[in-house]
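Subject: Structure handover

Hello,

Please find the structure below, followed by notes on what was found in it.

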Number of protein chains: 2
Amino acid sequence: MDERMTKKNIYNAAIFLFNTKGFSGTSVREIAKQANVNSALISYYFKSKQGLLESLMETFYDGYVEKIEQAFERSELLPIRSCLHKAILSLLRYQQENNQLARFVHRETTIDSTLTREVMTVYLRKEKYYWQKIFEQGFRTGELHKRNIDLTIIQLKGMITMPFSNPQYVQEIFHLSPFEDYFIRQYGLHVLSWLDERFCRQKGATKKEQQKAEVG
Amino acid sequence: MDERMTKKNIYNAAIFLFNTKGFSGTSVREIAKQANVNSALISYYFKSKQGLLESLMETFYDGYVEKIEQAFERSELLPIRSCLHKAILSLLRYQQENNQLARFVHRETTIDSTLTREVMTVYLRKEKYYWQKIFEQGFRTGELHKRNIDLTIIQLKGMITMPFSNPQYVQEIFHLSPFEDYFIRQYGLHVLSWLDERFCRQKGATKKEQQKAEVG
């Protein structure tokens, strides 16, 4: 087995165990057993369980922030509305593709730890910056109605992460699967129509999408 | 110290430790030390650390579901809009008043455990039922625009819990405090104006509130 595959196995085993038994409730030995590797390999690649945790957080947030960064880079060229739509949909899809990791990372980010504070400084501050810049440009060009940016980002962030931090809630209470494309399309359109109704001056083009999203 | 005060001390110590070190990372002995009680008392009241966890979850969700139940009971008498407003604001306030507990419980509810499944069955299914009934009555009387109920509840739930499952995010990134009345008023109005724009046919009465909420 090559290094990439081995690491991937270790990641998957760790995520599975952390999601069922919690981080502190899981030992390096259990991860090694679940991944079918020697536990010395985990020490070799990640130094410790804490090192593995940091690596998982970095992996997730690197990809996450990249999505919003890409949307920001397009914001000079594209209409703000389609730029925001792309950002929201690509963040939903990214979390869907990495759903077990997303679930774990979102939970871990609610713990008051040194690592969480680093994640805030390195990643979440950047994420907020990009959202803010995109919205501000929309206010400037008149494409968006002016609203309180901070509260909007908190609200949007809640909507975007909810199905992936609480997949079990979505599955057991609503019998919907946040891991399926169908859900992403439906939920995505639902969030986008929130955006359109709340911010966009030109709603005409979205009527069809909204209707599609609202057929319950 | 009477029983009520002792239990309260144990609760507070446990919540503090669970929020900083995680559930598995905290021992009964540490909780006893932090609460300044003999650890035999914890066994006496709660049987085990797991029993203490269950008691915390019950305490939180009993109060939480009661708020939405009260709103539901008023929904026959009051206009649906003010009934929804009351439900949202009282849930925000309830989480603010019990913010350390809320933070812990929201995180714990994302773990795939037997306890979480029980919480879903006993509490979250009930919560969903009440939201659904309130919205459906609004659709029936024509007070609300018809929307997909499931996706709306998921979206609303994300908005209502976000500041309390991620208080550190709100504090460090936005320099807002989800524990202060000022935040609850501002954020509450922000969520209510989402509701009004998205669902309510009569918006006239809320113009003033919306403006207040949107002064960034």
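A:Glu30 counts as partly exposed because it has 15 C-beta neighbours inside 10 Å (20 or more other C-beta atoms within 10 Å of its own make a residue buried, 12 or fewer exposed, and anything in between partly exposed, with C-beta atoms placed from the backbone). A:Glu30 is found in helix H2 (residues 28–35) of chain A; helices are DSSP runs of H or I of at least four residues, numbered from the N terminus. Between the C-alpha atoms of A:Glu30 and A:Glu69, 39 residues apart along the chain, the separation is 37 Å.

This is a predicted model, in which local features need pLDDT of at least 70 and side-chain atom pairs count only at pLDDT 80 or more, while totals for chains, interfaces and linings use all residues. Residues are numbered from 1 along each chain as its sequence is written, and chains are lettered from A and ligands numbered from 1 in the order in which they are written.

On the two copies: chain B superposes on chain A by a rotation of 180° with 0.0 Å of shift along its axis, at RMSD 0.0 Å (least squares on the C-alpha atoms of residues with pLDDT of at least 70 in both). The copies are therefore related as by a two-fold rotation axis. The same surface serves both, since 100% of the contact residues of chain B recur in chain A; contact requires C-beta atoms, placed from the backbone, within 7 Å.

The contact takes 46 residues from chain B and 46 residues from chain A. On the side of chain B that touches chain A, H8(B) gives the largest share, 11 residues.

Regards

Notes: Contact = placed C-beta atoms within 7 Å. Helix = DSSP H or I, 4+ residues; strand = E, 2+ residues; numbered from the N terminus.
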